[in-house]
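User: I would like to go through this structure label by label. Show it first, then I will ask what stands behind each term.

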Amino acid sequence: MKNYEVVVVGGGMGGLTTAALLAHRGVSVCLLERQARVGGCVANFEHLGFEFEPTYGLYRGFGPGEVFDRVFSEIGITAPVVKRLSPAYVVRLPDGAEIPVSTELDGFEQSLRTAFPECSDAAISFYGSLATPSKAQASTLSSYLRTCSLRFRSFVDAQLQTFLQCSSDTCSVECAANILNPRHGFWSIEGGAQRLADALAESIKQSGGTVRLNAPVLRLAYGSDGQPTGVNLLNGEQIAATKAIVSNLTVWDTYGKLIGLRRTPGDVASILRGLRSFGAYLLFLSMDQEAATRFSSKRILALTESQESEWHDPLNNQLFFSCNSQGAIAPPGKVPITVTALTNAEDWFSFHEDQSTHEKQDQQMLEAVWSRLHASIPELGDGVEVIETASPQTFYETTRRKFGMIGRPDYPAGEVPPSVATPFPNVFIVSDTTATGFGVAAVAEIAIRLSDSLIRTS
């Protein structure tokens, strides 16, 4: 049996960041990834000469002193090539109005005045409240939107659902300010987040750590006292962890698979049963380079239906179009495009039906999304074609996330989410389901905090 101080289960961004920092600090660490490449949910998809980025192509944390700047400064390897985006993306309303989300505040405010003449002052005041959020402010955003039009509320809710999977009725002011405040900005990564994952994996190996691919973990191994001692692999191998076990799996999979339901405390199990997040249905498209020049932005959040009630329907009312051309791999004259539609993940799992049922569901979803896409982004024309699709079943098959769900669940207001710590003092979770912010940067932040804590207790 092999022994390490720390065993990390999962090669997503949280697991990679934790392992890279610990290995650089001299900790004996082994990272286990079930797939043939690291990256988890952000691993690029390769098909027919294309390399597709399965995300929105928007990232945080690369500014001076921000999380990835700190990580790469410490581990001493070259970070991926990144570019600050302004505007980062454009929100396109059903009536054709466009709002570029830019770090140039005067221009952003003017865009709000132009797009929302019916409530321009209220819209600008709303964004002003996000500039300096305080604990004295209301717990959710809804009170700040009471004097705003339904068009503006839909504009806000579409962004919240895209990045945080929550609505203005449930999202805290602090979380909303983190994602909506245009001052914070976004970055693109040349070649996608896959390059970030690859760089961290290389750092682990350069620092003397171990990265094992095609190494699915079955469950934690327990000692005679009932405490975790390591992990059992699917191939029957056991690996011991003398200091800590770090799960980069979701909270559902950490408790349901690694720890085991029998050892999961009742209060945690009760929270997990009620938690859900969306699934993603992706279209991987090929577009002619000439057609790409017709777009006002490489990233468009399109609202596809006019909002007739105060409730924004993210499953049928929004699509995210991303032209990932920075460092993209594609056949000559072509550009890879990723279109993301949110979907109810559980709807894709009918366990008593055959594969033909899934194929029919996939075809129906493809036709519906294709129609909405061309209606909301007509400049696509005939210069685009479908290369492949991915459903929650696809995500489940590649990541083993419960129902293929993505991102952070929408925790009910006032409910405390499961934390990085678990009932076992040597088992921790570093995952997008325990992060409080958006994307890989939020996961990397908790990876830093956990790494610091493990070093302090050495």
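Analyst: Glutamate 385 has its place in strand S17 (residues 384-390). Keep in mind that this is a predicted model.

User: Why is glutamate 385 called partly exposed?

Analyst: Its relative accessible area is 43%. Buried means under 20%, and exposed means over 50%. The value for glutamate 385 lies in between, so the residue counts as partly exposed.

User: What is glutamate 385 in contact with, leaving aside its neighbours within four places in sequence?

Analyst: The contacts are Phe284, Leu285, Ser286 and Trp370. Serine 286 is 99 residues apart from glutamate 385 along the chain, yet their C-alpha atoms are separated by 5.4 Å.

User: How do you know how many disulfides there are?

Analyst: A search of the whole structure finds zero. Take cysteine 148: its closest cysteine sulfur belongs to cysteine 119, at 4.9 Å. A disulfide needs the two sulfurs within 2.5 Å. The sulfurs of cysteine 148 and cysteine 119 are therefore too far apart for a bond.

User: Are cysteine 148 and cysteine 323 buried or exposed?

Analyst: Cysteine 148 has 11% relative accessibility, and cysteine 323 has 5%. The limit for buried is under 20%, so cysteine 148 counts as buried, and so does cysteine 323.

User: Which residues have the most contacts inside the largest nonpolar core?

Analyst: Val231 and Phe321, in a core of 51 residues. Helix H8 (residues 251-260) gives the largest share of this core, five residues. A second, separate core has 47 residues, including Leu21, Val27, Ala435 and Ala441.

User: What is phenylalanine 321 in contact with, neighbours within four places in sequence left aside?

Analyst: Among them are Met287, Phe295, Ile300, Ile337, Val339, Ile377 and Leu380. The list also includes Lys298, Arg299 and Thr338.

User: What makes phenylalanine 126 and phenylalanine 152 an edge-to-face pair?

Analyst: The structure holds 25 aromatic pairs. In this one, the rings are 5.6 Å apart, centre to centre, with 80 degrees between the planes. Pairing needs centres within 6.5 Å, and edge-to-face needs an angle over 60 degrees. Phenylalanine 126 belongs to helix H4 (residues 120-131) and phenylalanine 152 to helix H5 (residues 150-164), 26 residues apart. With a relative accessible area of 1%, phenylalanine 126 is buried. Phenylalanine 152 is at 0% and counts as buried.

User: Why is the pair of tyrosine 281 and tryptophan 348 called stacked?

Analyst: The planes are 15 degrees apart, and the centres 5.6 Å. Tyrosine 281 is in strand S13 (residues 279-288), whereas tryptophan 348 is in the loop between strand S16 (334-343) and helix H11 (355-376). The two are 67 residues apart. Tyrosine 281 is buried at 0%, and tryptophan 348 counts as buried at 2%.

User: How do you know that arginine 263 sits over the ring of tyrosine 222?

Analyst: The charged end of arginine 263 is 3.6 Å from the ring centre. The distance limit is within 6 Å, so that value passes. Arginine 60 lies over the face of phenylalanine 186, at 4.2 Å from the ring centre.

User: Which residues do ring pairs link into a cluster?

Analyst: Tyr56, Tyr89, Phe163, Phe186, Phe320 and Phe438.

Technical notes
Residues numbered from 1 in each chain as written. Predicted model: local features only at pLDDT ≥ 70, side-chain atom pairs only at ≥ 80, totals over all residues. Heavy atoms only, no water. Buried < 20%, exposed > 50% of the residue type's maximum accessible area, 1.4 Å probe, protein only. Core = buried A, V, L, I, M, F, W, Y, C linked by side-chain atoms within 4.5 Å. Helix = DSSP H or I, 4+ residues; strand = E, 2+ residues; numbered from the N terminus. Contact = heavy atoms within 4.5 Å. Phe/Tyr/Trp six-rings, centres within 6.5 Å; stacked < 30°, edge-to-face > 60°. Lys NZ or Arg CZ within 6 Å of the ring centre and 35° of its normal.
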